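Please keep the sequence at hand while reading.

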Amino acid sequence: MDPGFEADFREFVIDRSGALFRTAYLLTGDRHAAEDLVQSALAKTAAKWRGLRDPASIEGYVRRVMYHEQVSWWRRRSRVAEVPTGWLPDQIGGEHAEMVDLRVVMRTALARLTPRQRTMLVLRYFEDLSETEIARLLGLRVGSVRSQIYRSLERLKKAAPELSTVREFG
């Protein structure tokens, strides 16, 4: 790989590996499988790096490669013969039902936020961007981003007070 392309690729990996790992984890449901999926997708991307012209489409390309890799793995795995057993798995417990209820409450509460507030929360807590990065990305001042995030969280707490007692949702 050309040194210039290698530096660009290295910078891309450093900047976006966290977000790519989260996407891979959502696809696989397993931390180790997610790491393997990201590595595989980045290796394929490195091989095509010189041909990827538009910097805005690079992450989409990597995510598409991850998706196709995961689907291919799933198809290979589904060909494994299953052996029936004489017992049925345990029933889903009450804890699962409670988590489903919390997810419904969370979605309802998020739907009450403005698009800008939802954007701020997604960028901060799902994409794990700092306030400075969000400000740069959206063309705002850092103070504006902080106040929007604070107001969004306050509105979310008012919309669904039961969420504030659950540690997983912060």
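Buried means under 20% relative accessible area, exposed means over 50%, and partly exposed is what lies in between, with a 1.4 Å probe and protein chains only as cover. The model is a predicted one: local features need pLDDT of at least 70, side-chain atom pairs count only at pLDDT 80 or more, and totals for chains, interfaces and linings use all residues. Residues are numbered from 1 along each chain as its sequence is written, and side-chain values use heavy atoms, with hydrogens and water left out.

The chain has seven helices and zero strands, where helices (H or I, at least four residues) and strands (E, at least two) are DSSP runs numbered from the N terminus. In sequence order the pattern is α-α-α-α-α-α-α. Of the 170 residues in the chain, 25% are buried. Among contacts (heavy atoms within 4.5 Å) with a separation of 6 or more, 61% are between residues 24 or more positions apart.

Side chains of opposite charge can pair when their charged atoms come close. A salt bridge is here a side-chain nitrogen of Lys or Arg within 4 Å of a carboxyl oxygen of Asp or Glu, and a search of the whole structure finds eight of them. One joins Lys-44 to Glu-69, with an N to O distance of 2.4 Å. This pair links distant parts of the chain, since Lys-44 is in helix H2 (residues 31-48) and Glu-69 in helix H3 (residues 55-78), 25 residues apart. Lys-44 has a relative accessible area of 40%, so Lys-44 is partly exposed.

Within helix H3, Glu-59 and Arg-63 lie four residues apart, about one turn of the helix, and their side chains form a salt bridge at 2.6 Å, N to O. Glu-59 counts as buried because its relative accessibility is 17%, whereas Arg-63, at 24%, is partly exposed. Both belong to a network of salt bridges that also links Arg-16 and Glu-127.

Helix H7 (residues 142-159) holds another pair, Glu-154 and Lys-157, three residues apart, about one turn of the helix. Their closest N and O atoms are 3.8 Å apart in a salt bridge. Which class does Lys-157 fall in, buried, partly exposed or exposed? Lys-157 counts as partly exposed because its relative accessibility is 42%. Glu-154 is likewise partly exposed, at 26%.

Ala-159 is also found in helix H7, and is partly exposed with a relative accessible area of 23%. Leaving aside neighbours within four places in sequence, Ala-159 is in contact with Ala-109 and Arg-112. Ala-159 and Met-106 are 53 residues apart in sequence, and their C-alpha atoms are 9.0 Å apart.

Elsewhere on the surface, Asp-8, Glu-11, Asp-15, Asp-128 and Glu-133 gather in a patch of negative charge. Patches are made of residues with over 30% relative accessible area and no salt bridge; like charges are joined within 9 Å, and nonpolar side chains (Val, Leu, Ile, Met, Phe, Trp, Tyr) within 5 Å. Lys and Arg count as positive and Asp and Glu as negative, while His and the chain ends are not counted. The place of a charge is taken as NZ of Lys, CZ of Arg, CG of Asp or CD of Glu. Helix H1 (residues 3-28) gives the most to the negative patch, with three residues. Glu-11 is found in helix H1 and is partly exposed, at 48% relative accessibility.

Note on methods
Accessible areas come from the Shrake-Rupley method with a 1.4 Å probe; for residues, only the protein chains shown count as cover.
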